[in-house]
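I opened my notebook next to the model and jotted down what I looked up. Here are the entries, in the order I made them.

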Amino acid sequence: MLSRVAESLFWMSRYFERAENTARFLDVNFNLLLDLDSITPVDHPNYWKPLIMVMSDPEHFNSLYQEYDAHSVTDYLVFNRKNSNSILSSISMARENARSIIESISSEMWEQLNNLYHFLQSVSPQQVHSDPYSFYKEIKNASHLFQGITDNTFSHNEGWAFVQIGKYLERADNAARLIDVKYHMLTTSPARHSDLVSGSVDIIQWMAVLKSCSALEAFRKVYLSKIDPENILSFLILDRSFPRSIAFSICAAQEALWRISGSSPHRYANNVDRLIGKMEAEMSYATVEEILQQGVRPFLEEIEQGLARIGEQLHLLYFAYHTPKIEPADISEALPFTGLDGRRANWSQSQQQQ
Amino acid sequence: MTRLFDHYLPQSDRFFDEVIAREGAPRSHYDIMMQRFNQFSAADIRARRELVNIFFRNQGITFTVYGVDEGIERIFPFDLIPRIIPGSEWEGIERGLVQRITALNLFLSDIYLNQKILRDKVIPAELVLGSKHFRREFVGVRPPLGIYIHVTGSDLIRDAAGRYLVLEDNLRTPSGVSYMLQNRIAMKRAFPVLFDRYTVRPVENYPQQLLRTLQEISPTPKLDPKVVVLTPGIYNSAYFEHSFLARQMGVQLTEGRDLVVNNNKVYTRTTRGLKIVDVIYRRVDDEFIDPLVFRPDSVLGVAGLINAYRKGNVTLANAIGTGVADDKVIYSFVPQIIKYYLGEDPILDNVETWLAGNPKHLKYILENLDKLVVKAANESGGYGMLVGPESTPEQRERFAEKIVENPRNYIAQPTISLSRHPSFFNETELAPCHIDLRPYVLYGKSVSIVPGGLTRVALKRGSLVVNSSQGGGSKDTWVIDN
């Protein structure tokens with residue numbers, strides 16, 4: 001497979017997954033606000049700022065908008081082309097990548113991606129505000145449809161594996177960011193002691209975290225109704241069978257990487273396989289007690305950085321056209337995880353700089 | 001209810017109408033089509049229009065317009081009324097094209113190897129050797145099977161008497177064949193019943209024929225020669241076509257950066273290292289294809305490609321330097337070229353052409369600018385031309401200066417009476433619109449021509465320019481058994 005094609009498949013898939021995740025967060029946030037409406041006004045910045053922190057760069061946001069409220073955050077995360085992570089930007093970039101390899105993907109895949117792009121072009125912010133549920137559902141369904149179409153119309157060979165890798169690396173990264181921010185908000189936010197004191201609000205918030213990952217029902221099947229932070233962390237990070245947990249995503253990415261290289265457990269063929277294998281092993285043997293002991297944030301930051309290193313090694317090994325040859329030792333610093341043009345703010349980093 | 005064709009009034013002595021004969025009666029091969037369209041209500045037409053629009057939009061069948069606004073993608077306008085050519089008429093066109101392509105290929109082979117035709121003074125040597133597209137780097141290199149032009153799209157028009165004439169030859173990277181294929185799919189979907197009533201010769205096997213042609217010209221005989229399509233990239237106006245053809249042939253679509261030359265062999269860069277390439281169907285112009293030989297600032301090409309080509313390790317389709325034969329000045333000599341190499345009279349005539357480089361012709365051109373169409377010898381896409389009857393005196397004056405400054409670069413032709421064909425000029429009404437025809441010729445071990453081609457139509461009322469970059473559209477073209 002051409003390196004350029006592999007790279008475009010990877011990014012097409014990543015951007016699409018990113019758009020879906022953004023839609024998911026926004027959708028849940030709106031629902032959460034309906035639940036909390038009696039306590040706090042919907043436009044309270046406490047509900048909107050975290051979304052920017054998870055998915056983008058607060059500084060960039062502040063340069064374009066006055067305050068964090070439903071309108072500004074939705075506009076920024078859905079429509080704003082200046083935000084390279086907005087849903088519209090993500091889908092446009094997924095489409096640009098697909099267009100450059102249109103002969104390599106199935107026409108059904110292209111049609112589906114193209115349809116979503118044209119749908120987004122036709123939607124106005126007013127429509128989203130008046131019926132957010134339908135809008136986000138449309139995006140999520142489009143993403144599911146795209147994945148189904150891909151599974152059923154695109155040969156399960158090397159290219160398909162790159163699509164899976166893009167999807168699962170993005171998903172693992174998104175899950176880590178989401179938990180990172182929510183955990184941080186819930187355990188340290190002054191809001192916890194002022195307007196969010198009630199226990200039921202706490203539970204609603206945690207339920208929202210689960211819903212963002214479409215995990216509430218699956219969680220209940222495992223833990224019944226015991227919604228507490230420890231169980232939720234354990235489920236979202238370590239659950240082996242839930243398709244949006246970090247452990248599951250890493251495992252799926254690993255399998256896809258093995259398909260390409262022919263590696264198997266304990267026998268890695270290259271640096272990418274070594275790194276993902278290491279990560280997968282750590283996830284396999286971690287317990288939630290250990291994570292809490294180490295600190296949730298350091299643990300998640302390690303995952304985010306690990307994913308970044310995998311992305312960068314993947315680039316060197318498969319996409320960099322085999323020229324120039326760079327030894328791992330020559331790399332002093334990890335490239336931004338999202339690659340050379342899909343740059344995305346690192347929330348943890350921007351936090352540390354504040 | 002008024003029927004669609006009730007108000008279609010083509011009468012004009014200046015133009016040949018494809019559907020209605022001089023006496024006002026429809027030509028017999030159009031009977032069924034007219035009857036069928038006459039049964040449609042305005043709502044039927046709109047519904048089918050919508051169906052076709054959705055098809056084209058969903059398929060992403062677009063082209064990019066240069067210079068209007070950066071990266072504007074447009075749907076190529078498609079007209080619902082098909083153009084129908086009786087099989088018997090088509091056979092004549094086909095023979096004419098085979099003759100023409102064969103002669104042009106012998107011409108290219110001659111001027112790059114022996115230059116006998118120049119020594120025999122059939123064409124002034126300076127016109128050939130001085131052509132912008134003559135590639136001296138390529139003299140003495142014989143491509144596999146001695147073939148230079150593997151893919152041709154010559155533009156045909158019909159004069160007032162209905163005679164097919166060749167307007168120009170496109171021997172470098174002719175485009176449009178993907179629209180021909182998509183038009184057929186759209187038409188079958190929108191008008192299955194009408195389609196069924198005719199025996200339309202299929203065009204769908206074009207990609208397979210193209211692949212076969214490309215494999216036949218592999219530099220070394222192989223069971224499965226590796227063919228790739230080379231595109232300038234997604235911002236090229238014909239990018240859709242490049243990707244479409246690669247997909248239909250099942251070969252890789254590559255950009256310059258995907259290819260690398262090592263030891264005079266061409267390879268693709270893959271996730272598993274370098275893989276050898278035998279044949280490149282290149283849609284990148286000569287000037288951009290190798291920065292070491294042509295434009296050094298080109299990022300579209302592959303450094304070292306020409307050397308690999310000269311060594312016979314890779315074949316390019318079309319060959320380097322074919323543009324010399326579609327130079328509009330050389331075009332005027334094609335009848336002599338046919339005579340010289342084949343000893344035959346041309347089956348398809350040229351449009352009468354005056355060369356500004358010829359002093360007698362120049363005088364005539366300058367005196368008759370208001371009646372003529374003047375074209376720059378090496379421009380395409382409808383750029384760099386003057387349509388005399390539609391021009392202002394100031395425009396003519398400015399053009400005259402340009403001609404006198406560089407006469408070699410200009411030719412003039414009478415304002416061509418392109419034939420007309422009923423087409424939708426608004427949603428539900430027909431008007432006679434000018435059309436031409438671009439058939440596609442493939443030249444490998446033998447010559448093959450897909451029945452029909454791309455009919456382009458000037459959808460702006462009264463306009464003579466059918467080019468897509470100038471607002472033209474296209475029609476499905478049916479060659480039928482009769």
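Is B:Arg83 buried or exposed? I found B:Arg83 buried, with a relative accessible area of 1%. For my notes, buried means under 20% relative accessible area, exposed over 50% and partly exposed in between, with a 1.4 Å probe and protein chains only as cover.

Ground rules: this is a predicted model, where local features need pLDDT of at least 70 and side-chain atom pairs count only at pLDDT 80 or more, while totals for chains, interfaces and linings use all residues. Residues are numbered from 1 along each chain as its sequence is written, chains are lettered from A and ligands numbered from 1 in the order written, and side-chain values use heavy atoms, without hydrogens or water.

Next I placed B:Arg83 in strand β3 (residues 78–86) of chain B; strands are DSSP E runs of at least two residues, helices H or I runs of at least four, numbered from the N terminus.

Then I turned to strand β23 (residues 454–457) of chain B. B:Leu454 and B:Arg456 point one way, B:Thr455 and B:Val457 the other, and all are buried. In a regular strand the side chains alternate between the two faces of the sheet.

I checked its neighbours too, where pairing takes at least two DSSP bridges. Strand β20 (residues 430–438) of chain B pairs with β23(B) in the antiparallel sense over four bridges, and B:Leu437 has B:Thr455 as bridge partner.

Last entry: I counted 17 helices and zero strands in chain A.
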